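Take a look at the structure first, then read on.

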Amino acid sequence: MSDEAISEAPAPQRLLNIGMLLAQFGLVIIILAFWVFFASQASGFLSPFNLFNIGRALAIDIIIGFAQMVVLATGGMNLAVGAIGVCAVMTAGYLMQTVGLPVWLAVVGALALGAALGWLNGFAIVRTGVNAFIITLASANLFSGGMLILTKAVPLNRLPPAVSAFGRMKIGFVSPLLIVALSLGVLLFVLFRYTTLGRQILAAGANARAAAMSGVPVGRIIVIAHTLSGLLAAIAGVLLVSRLGAAMPSVGGNDWLLPSFLGPVIGGTLLSGGFVSVVGSALGALLVTTIRSGLLVLQIGSFWLDFFLGVILLFAVLVDRYRSVYAERIKMVRR
Amino acid sequence: MARRAHRNGLSAMRLTIDKVSKAFPGVRALDEVSLALAPGEIHAVMGENGAGKSTLIKIITGIYRPDAGHVLIDGKDAIFNSPRDAIAAGIAAVHQERNLIPRFTVGENILLEALPTQNGLVDYARVNREARRHLDLLDRSIDTKAEVRTLSVAQMQIVEVAKALSLEAKCLLLDEPTASITEHETAALFDLIGKLRADGVAIVFVSHKLEEVFAIADRVTVLRDGKVAVANEPMSNMSRGRLVSLMIGREEREAQLGRRTVDQSNVVLETRGLATSFGHRGVDLALHRGEILGLYGLVGAGRSELARALVGGGTITGGEVFVRGKPTRIRDMHEALARYRIGFISEDRKQEGLILMHSIRENVAITIWRRLAGPLGLLGARKEARAIQPYVQRLDVRTPSLDQTVGNLSGGNQQKVSVAKWLAANVEILIIDEPTVGIDIKTKAYLHELIGEIAAGGVSVLLISSEMPEIITVADRILVMHDFRLVGEVANDRRYDPMSKAIMGFIHAVEETPDAAE
Amino acid sequence: MRMLRRLVMVEWSGLAAAIVLGGIILSWVAPNFLTEFNLYVMLRSFCVSLLVGFAQMVTLGVGQLNLSVGALGGLVAICFGGMMEVLGVPLPVAVVAAVVLGAAGGLVNGLLTVRTGINGFIITLATASAFTGINFGITRSIPFYKMPPVLVAFGEQHLSAFPYLLIAPLIVAALLGLFFARTVPGRHLLAVGGNPNAADLSGISRNRAVVVAHALSGTLAGIAAILAVAQLGSAQPTIGADWLLLSFAAPIIGGAALTGGYISVLGTMFAVVLIALIENGMVLAKVDPYWVQFLLGALILAAVWLNRWRAVRTGTD
């Protein structure tokens, strides 16, 4: 019997955990390395002004990544993250400027819309049984097209001054936007680690059939995940409005597609579902923002940025793949 | 039966399996299995579920590589790195699962390995002609131009056989080829096999159906728990009884469940005249509180499908289901568990019973998360662990930590985990589908005793199994299912031979009656 | 009624009907729809779109996704233009080089997918970013304007409503149709997409099919890029920026199975016609151009829903 073999179990299991930690740790090292490099090359990199800007951009990137992450957890994907974001942007602007609602109410309205659009996605996916890729590809165009039709692509830039004031606020060199992002991170961490819903989402993503056979209401879970994703995308949109001081229909959309995947995937969230890393997603977003900011400060020009991002993504995924293949091999050897 | 003269030397043997072994995490699927076929010999390979037959076939056809031992073709060592190599060496197979391209035509599927071309383009006239030629030997009614996805299961199986035939192989392997086809098609198939034998093709025939084996096989090899029980035995030396006992073994199983009295008045689950989209008709069964009701049948009899239909995994087209006396239509397992306290241990533990990439803790607690969670749905890992620890211990899952990834456990321990989660769920009715397939003997006995204990504690169990000893050991009462209908019932007096005879009798009575609906 | 039902079952019948209906409506609503000039404009936009649709169609056939269609197209476009303007490479050589570059890009995608075992979605997401980066790194957003007159003329000239540009996509369509319907490699590709396990058991190499599909996809993207440059008269770095949605919309509306194993050249063509019709109609009717995006999304959903409805009806679900 393999009883003796099992007592050796700690080794590969711990190795996997160490691997996980190393990955996060490795990511931190890489980020630090970049910071050191950029700081040495350009004195302005570590200036409070630059740090403040990085913080603001980072905040939005982190939340965009979270919006994708919660859907990746279910084993699907949400290509409408950008579309929902821009819908939220314009809705917030419209409610504030045209309808004249108080800011907080407009924000609530925009968030509600985002959640509703996310809900629509989830509902369509579960009801029709069609792949999330197609549904969200279609809905992304439905949403952004619809939004453009309604707003006629006219930017709204006479918003209440409180909005951009919030975006410009400084606590030391930290922006409140970043605080919002980090708070969301904490909430999501608690969700996935310490709540029933989080566990159910991960179970549904890891093996939907097994989860369903174990009594998990998989359909409902997927709808909830997509609704949450829409909500997060809307939050990112609202923060963007505050940062820009205006509601512009040209933001979001396809711009958000790559970043929404980059952060989570670099940070270790599995594309196939069942495992997320909230910390990793935040770190991944930090890496991307760091590189973007660094290239800007060095005046290398953002032209080569996309190239680097693509290569980094490939590299990160390769490393992750190597880690899981290595773990598999350990499993086999043991037998 | 024609006798084949024994010839000297391995080269006389078309296919030789020499001490082949293959292990998977936790299970020795094959343990030094040896057998040999001469050209023009029909060799049956028999054994229960999990005996190793499919693994053997997969090794011969190049899907797996053996851990030890050799496969020899015409006396020469054959190393297959992929199915392509096996095909090139002259081996064709019809596997148990369907392997057809749904959107391609019948003709194209049949000739897929070698599509005929003319001037670089696929010659569809020839495709249809040649496919027609192979297909006509079995079933003239299937259109070679029809898309495979529009065919019935039986028709697809025929197409698979035709496909194997088109390879004009030296060695043909058939894994349960008659599982879903009609009597008429079976007769045509056997005719064909006879012709192939005359042509010198060596044929490996895997089947559960004793009549078929006795009808056409020259020799038989019986596998049990991955080992050879008897090899290369001429059918003339074989009797039905001897074959069955070799397959199921007469070892004393360690589980000894005493006779129990069941309260006949308390019916927890009942069906009346149940009909399903799978093909069940007129199924009447009643499960009493604390009873272990066995549902026995061969592969393809429709038992698992019935169980699934009960918990929402299939459409009920007629009849009624009663849970604790109330008529119900359960939509899915979520409802089954939450509302009716019904649990389901799936026979496919890797795909349906467990989430391999998650830990033991997450797998066992999945059924009780909602119960454990505090107000905001908050649930800490420690609380989870404390809640499931007793069940993990009761099932004697050998693991240093609850955070161990389930995928890393042995098959036996994995099965224990999949059972533990239903114990934790505190269900009242538990449906268990093939609980010990591919599990080592010790764990088997342990699980059998456990089932007895659970039932003694008041849980009602519907036990589905195709292993005779298992069901006779564990069940209080045994229903026999064949071809999606209940064909008999046997009370359990723990007398093995009369019971197994009675059970098989029910099945054969139906088989031997000419099929009226054709 | 039965005849109608049978007709609906034919894969592209819905499309054909929509096209005819759309055409009728447009010619009624907009008087200059049926003019030679307008048809010419429509057919011209059809050229590049068709190739873009084909580029994704071939990867869908094998069960893969190619998110780098647009990015690779853009890269090939500027290399094509840059070769001629900066390096003085003669047109025919540049055309060949551009096609080879497209094939090479696709090959990179395919090899990475197969060698690393990583999902093609992520691989092509990454390479898309890389290709775009190289594109803008080289051009710094500045197009190459000095294209050979022969090329520009080819992109503009026409025989009544029929643009010369259309010749290329039609030839490609015929070749692709032949490839997938009548050649062994093409059938193997669809077999792998339809049931990878069954294909493997029949001795078909899954890896090879994936690499071939990606290489083919890249080649088609490259050809699309060349035509785009001819059509615009200059090599713009923004070529391909809006190809992604179109590349999926066309084959899917044309009836391709997202999981692989079934594609329709004819269906994709009809889909592109329909899309071009819609775009043209928007312009003529002076409707908000944003309706195009909205309608495309709706069309995709409708097509997918229709496919599923059909599958359930024929019991093939």
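In strand 16 of chain B, I316(B) is the bridge partner of T276(B). Strands here are DSSP runs (E, at least two residues), helices are runs of H or I with at least four residues, and both are numbered from the N terminus. The model is predicted: local features need pLDDT of at least 70, side-chain atom pairs count only at pLDDT 80 or more, and totals for chains, interfaces and linings use all residues. Residues are numbered from 1 along each chain as its sequence is written, while chains are lettered from A and ligands numbered from 1 in the order in which they are written.

**Strand pairing in chain B**
- Strand 13 (residues 267-276) and strand 16 (residues 316-323) of chain B run antiparallel, joined by 6 bridges. Two strands pair if DSSP finds at least two bridges between them.
- Strand 13 of chain B also pairs with strand 14 (residues 283-288) of chain B, in the antiparallel sense, over 5 bridges.
- T271(B) sits opposite L285(B) of strand 14.
- The hairpin of strands 13 and 14 of chain B has 6 residues between the strands, and G279(B) takes a positive phi near 125 degrees there.

**Chain B overall**
- Chain B holds 18 helices and 22 strands.
- Chain B is as compact as a globular protein of 518 residues, because its radius of gyration, 25 Å, is close to the 24 Å of the globule rule. The radius is taken over C-alpha atoms, and the rule is 2.2 Å times the number of residues to the power 0.38.
- The C-alpha trace of chain B spans about 75 × 50 × 50 Å along its principal axes.
- Of the 518 residues in chain B, 50% are buried (20 or more other C-beta atoms within 10 Å of the residue's own, with C-beta atoms placed from the backbone).

- Residues are in contact if their C-beta atoms, placed from the backbone, lie within 7 Å.

**A residue in chain A**
- Leaving aside neighbours within four places in sequence, I63(A) is in contact with A181(A), L184(A), L232(A), I235(A), A236(A) and L239(A).

Notes. A residue is buried if 20 or more other C-beta atoms lie within 10 Å of its own, exposed if 12 or fewer, and partly exposed in between; C-beta atoms are placed from the backbone. Two residues are in contact if their C-beta atoms, placed from the backbone, lie within 7 Å.
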